[in-house]
Amino acid sequence: MQHTTTTCPYCGVGCSLSLAVDNDRIVSVSPGPEPSVNKGALCSKGRFGFDFVHHKDRLTTPLIRKDGVLVPASWDEALGLIASKFSEIASLYGADALGGFSSARCSNEENYLFQKLFRAGIGTNNVDHCARL
Amino acid sequence: MPHRLNPFILATASKCIGCRACELACAAAHIEGGVSVGSLQAPLSPRLYLTCVGEMRVPVGCRHCEDAPCAAVCPNAAIYRTDRGVQVDESRCVGCKTCIVTCPVGAMEMGQIWENGKPVMRRVANDNSPEGSEMEPALLASKCDLCKDRAGGPACVEACPEQALALIYPDAIKRRRNIQAALALKGTGARAGEVL
Amino acid sequence: MSVSSPIVSIDPLLCTGCRRCAEVCPVDAIVGTLHQPQSIDTERCVMCGQCVLRCSAFASPFDETISDIPAIRKERGLPEDDSSTLFAAHFRVDKGSVSSMLEDTDKISMVQCAPAVRSSIAEEFGLAPGTLTPGQLAAALRRLGFDLVYDTIFAADVTIMEEASELLERLESGENLPMFTSCCPGWVRYMETAWDDQLSHLSSCKSPQQMAGALFKSYGAEIAGKQPEQIASVAVMPCTAKKFEAGRPEMQADSVPDVDAVLTVTELADMLKRKGIQLTSLQEEEFDAPLGLYSGAGTIFGASGGVMEAALRTAIAVTTGKEVDESGVTFTKTEEGISRATINVAGKTVRAVIVSGLAHAAKLLEDVRAGKADFDFMEVMCCTGGCVAGGGQPKLLPHVDLQDAIQRRRESLHVHDKALPVRASHRNPSVTALYENYLEKPLGHRSHTLLHTTYGEAAGGHE
Amino acid sequence: MGAGDCVCIIGTNTTACHPVIGLGMMQAKRNGAQLIVIDPREIDLAREADVWLRLRPGTDTPLLSAIAGEIYNAGMVDVESVAASTEGFKEFCEGLAKFDAESVAALSEVAADDIRRAARCIGRARNTAFYYTMGVTQHTTGTNNVLAVSNLALLTGNIGRPKTGVNPLRGQNNVQGSCDMGALPNVLTGYRSVTNDDVRGSFEEAWNVTIPAEKGRTIPEMLNAIEEDKMKGLFVFGENPMRSDPDINHVEHCLHHVEFLVVQDLFLTETAELADVVLPGASFAEKDGTFTSTERRVQRIRAAVSPVGDSKPDWKILAELLERLGRPERYADVKDVFDEMRMLTPTHTGITYERLEAGGIQWPCPDESHAGTPILHVGNCMRGAGKFVPLEHREPAELPDAEYPLTLTTGRVVAHYHTATMTRRCFGLAGTWPEELVEVHPADAAEYGIADGDLIELRSRRGVATGRAWVTRRVPRGLVFMTFHFSESPANILTTSAADPVTGTPQLKVCAVAIRKLTEESTSVESLSIEEHASCHIA
Amino acid sequence: MHPFVLSDPSRCIGCRACEIACVDAHMDEDMVEAGNKELPFSPRISIVHEAEVTAPVQCRQCEEAPCVAACPAGAVVSEGDTVRVETERCCGCKACMAACPVGAMQVAVIPGKIKTPVAHKCDLCTGREKGPACVEVCPAGALRVFGREDLQRIPVSKRRQSASQLAGYN
């Protein structure tokens, strides 16, 4: 049984968690070590909001819509299609014809790369996320 | 209000005076007849039973169990659960009496079932009758059916002069009691933080 | 009054001690503590049967004491194949003796039925309270085997003739006033047990049931060409106390009882059903003449205030010569169960009182005893609402509104009264014929022997 | 926080949306601090509050201004020092005149002397900390509401000191971080505007690419642009606008209309179902990285289990996409991404993975020896002088009327999170709160013949939703509350997309609805077939 | 005397961690398996979340338990530390639900071999080394176990306190 210290993925308080893992599955959650904001307390989501990770509905492969139906595809094929489609749209209609909604639930690094994808990769500032909501 | 658990008739022993008006009303509500006892076209066969133990009087009836033992043991599937309590399908009952001995509460009895003035009959061996057998009224499983088809709800509750009977919804009672218990704890509570 | 009255009794095996009967007993004759079997104090009991009406403690097929039921049926004298529901409080059942009378071929059976019977018996056949079925009642009695189907209401008209005359006589002489009606046996019994010093105030008239019985055994026998012993006189009553009255020793002539047996409405209905007679689907028939023809005034005897109204209609006619269908006197309620009015009869102002419910009579009797009575003529009905609410009436199920049912029965009698051609007792042709052919005149010699009686400890008593 | 301090919360059900902070507030109350709660609903903290202002939804600005007015008139303001360190103080004070307690009392349905009591509490307290969340921002007057809070803080000097400050409680684990990282159309990392040439220049030089000088489109603008065929491609990353955005019918129409839609998420959400390409992301427990909490604390997340199936950490996917779009950068691990970012972001330059091992660091942290900044605006406001902004009151965009007599406000419950994509797939959380519960006041419920637990239908100008009624006094008469956690009861079909002019934040907290009881089809007779139930019970 | 758990409404924020911990502690499967098998979610603690009060309510392990008295099948037994339900003997007649003054008894299907609704209630997590799961997880410290010793000690300490107060002024 290993223990990994991490931060709660739910509200903005940023409580520190310790995930107990047994053969690559999260088994339980307990409050993280000090120093921490939550000082040993965890709400219901923090303590019991982890089993979605192993839920059977998790997406496990990229999907591509072929004649109206989403079917599994390889990473190479999916990413290739996105890259080519984005370039095609950018060339046809200009970079401003593309845009993206980023995620307040993903990490700083991912948000950084996402806005870099549009600003550097495509050349548009059309990047927003749901902090507005 | 959608209820998850079957309601059932519950008596408050302290209020019951033992007058049997509930049994009378119950029996009358399940047979053809007019406004008077004389007008009833079948013998009285109540489905709840006044029980006297020393000075104590209280009617005992079916609690429409969620996992009804009577339904479990019935070999001919005559007893089953509906969204309005546990019901008996008399046409399927063969009168095997197992449900009587199984019911933990003693709410099941074997009663005559009368249809348009005549009891459901069954053939019984009888040597000194010409055909060697004769017909006599059948005794079939009989229990409280919550007056499911009666306007105005259960007849016993309406008839009780002391309002000792009530149709109770267990989950509604539980929710009300929870709130009362929580309110009662308000202010006092466990003083969890303090050292008592 | 020693031996326990078998007319009304409480079965200790079935009584659960709920004491709901004690709440309605007008004379507090129910004895016992809560949850213990109750018993009846025969000294106080007037056999009105209200307790029988109220009792809901029946013998369920699922009781532990189920094994005793056949023994109880035998003890109550019920026929072998009787399957009626047994209740703790019950009255003496006389179905058996009546059946044997009907089978007795060398007897002529004459039956009389009280006004209230025709307003309630339909309830026993599933119809709504207060359904009026006079014609079908007569038809049913005939199918049951009664040779002559007469009517108590005829005798009620006779009672009016006798009692109105007695009242006028007393008003004239000023003696024994105020005068009380005597047709309610429960009321008479109450006077005998609790107010025996006031018995003189009671009208000497017998009740209509006893008058009819007496006439059956005399005038009736003559018409039928039979000896009094050969007449089987049966009465159908909404009342249990009538069973007691029929058995009173003085209610007979040369040891031939006026009335041989009394059936309650429930007993009659049961006998009819056993014979497969469905009263409510019969063709209407008439009551036999002459002792079966009756006026509207007699009909309303069954409702409290009815005797008073009937007497007034005749008194007005006798004193003023004016024939009226209704006395036009309205009684105003002065206290619970008591209503009063003042009328002038033959130049005298008569203060009349109607008491509905025995429990309300005590106050007035105290005034009488103290000589401070402020009334001259008092009608007392033991059961609140009149005979329509008697102990022999159908026992209504708990969900039924009893007061509403009683009110509907009263109204049906008044409707019946309004519908009849003759609405005053003295205008009943068969009554006038009776006097011409037989009684000569009210309070005459024959009336005196047949239709009048005396009261008190010596005379009363049980079989 | 303890005696002499004051906690003022407005538009936040803290014990539900930020439970641990909520607990901290209750502890502060127990330590003697005063608690002021401004919320139309009787939330748990309202029960504990010294002053609870039960305002009519949408009247936050006038109420806060009235409080400020009362403090000012009562002479509890250190006029010299405030005037010295701020701009626009005089006009602001004059502007307060129209927000007298009596007229605001009528407007916001809060008793005038309650306003005065709140003012006294704040005026007298040594330190007052203000907390707010969506309850303040999700209005057409969202910006004004926030400015009203900051006006009040500036007026009472409650800025830049411990136990004070204007503290927005960010709803999501990294909403603060995603703003910090420039995932906004108008700013690059560290809130530096794209229109600022030097800022843009530093990025263009680092990435040797030219970045457009005008700001990009916000989400509502992008949706409209799609509708007008100005935008052909959309990449939705870790979001479910089909449930969280207002006026879902409009969103659905746009997402169908767009030529090429990419969605990257953990589950096949309603939005993902419409996508042309769906990429399986990884959950917080399957990747390394950092989140930034509501108090600007950057904290590590660490992979505890390997990614599920073929899914990849999201940063790897984005890195690979960048690569395919011709970008030269290669990132061995997420630390490289963070380092690239922090070199470009002065406020985060001092934060390194090594330092984060010892615990979170609050930006700004200019260099690696800097300990981080627990409190902003220490000494003076970061922009120099504190800026007062005189405000006007504007009624919400949609008010109840004869046809839609009740006000609907939306929000969250403690057991669920946002569109519940994750929480409804947690056995425990789904168990405690399996379905939508619409809070209805007993009197309103009685008026519509609704009993507790009945299925009811809510109807607005934009759509219809159903949910189970929870008859409770938590909501006042005339107000109903529901969450947007449940797809079967999509609150955002009802909400209006009328938005704040400045931020474009939609008015999710106020819209007009009508409710009626739905007669539930009575559960059918459960008479099992004969064979079945003769055997089934005899186990 | 049976120990029991009591809540403090002034501390509870209604986060329901106790409710989930209770279900978790009475299930062999872990959360993920429970989700995949769609097991019933049947807590033995009821959260009241109203305007007037927010607090968990559970069994007080009464010494004179109405539920024990009400059960026709003798399935509710008072024994050792708790009042316990022997689920094999329970037929779901709900008399205990009507009897319990606190509303601590629930009738529903619970995880395990019995697939029909049965009565179940708080059993103080007997056999769980860290004691009641709800008390352990509560972030607000709103739940507290009153053990047998507490039930002896608390009255004594309070008496001593009031005695000193009495001595104080007369």
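Analyst: We start with contact: two residues are in contact if their C-beta atoms, placed from the backbone, lie within 7 Å. Keep in mind that this is a predicted model.

User: Which residues of H4(D) meet H8(D)?

Analyst: From H4(D), the residues are D:Ala66, D:Ile67, D:Glu70 and D:Ile71. They meet D:Ile115, D:Arg116, D:Ala118, D:Ala119, D:Ile122 and D:Gly123 of H8(D). Sorted by class, this contact has seven nonpolar, one polar and two charged residues.

User: Now a strand. Why is S8 of chain C called largely enclosed?

Analyst: A residue counts as buried if 20 or more other C-beta atoms lie within 10 Å of its own. In S8(C), residues 231-237, seven of the seven residues are buried, so the strand is largely enclosed by the rest of the structure. C:Ile231, C:Ser233, C:Ala235 and C:Met237 point one way, while C:Ala232, C:Val234 and C:Val236 point the other way.

User: Which strands pair with S8(C)?

Analyst: Strand S5 of chain C (residues 108-113) pairs with S8(C) in the parallel sense over six bridges. Strand S11 of chain C (residues 261-264) also runs parallel to S8(C), joined by four bridges. Take C:Ala235 as an example: it is the bridge partner of C:Gln112, and C:Val262 in S11(C) is a bridge partner of C:Ala235.

Definitions and conventions:
Residues are numbered from 1 along each chain as its sequence is written. Chains are lettered from A and ligands numbered from 1 in the order in which they are written. This is a predicted model: local features need pLDDT of at least 70, side-chain atom pairs count only at pLDDT 80 or more; totals for chains, interfaces and linings use all residues. Helices (H or I, at least four residues) and strands (E, at least two) are DSSP runs, numbered from the N terminus. Ala, Val, Leu, Ile, Met, Phe, Trp, Tyr, Cys and Pro count as nonpolar, Asp, Glu, Lys and Arg as charged, and the others, Gly among them, as polar. A residue is buried if 20 or more other C-beta atoms lie within 10 Å of its own, exposed if 12 or fewer, and partly exposed in between; C-beta atoms are placed from the backbone. Two strands pair if DSSP finds at least two bridges between them.
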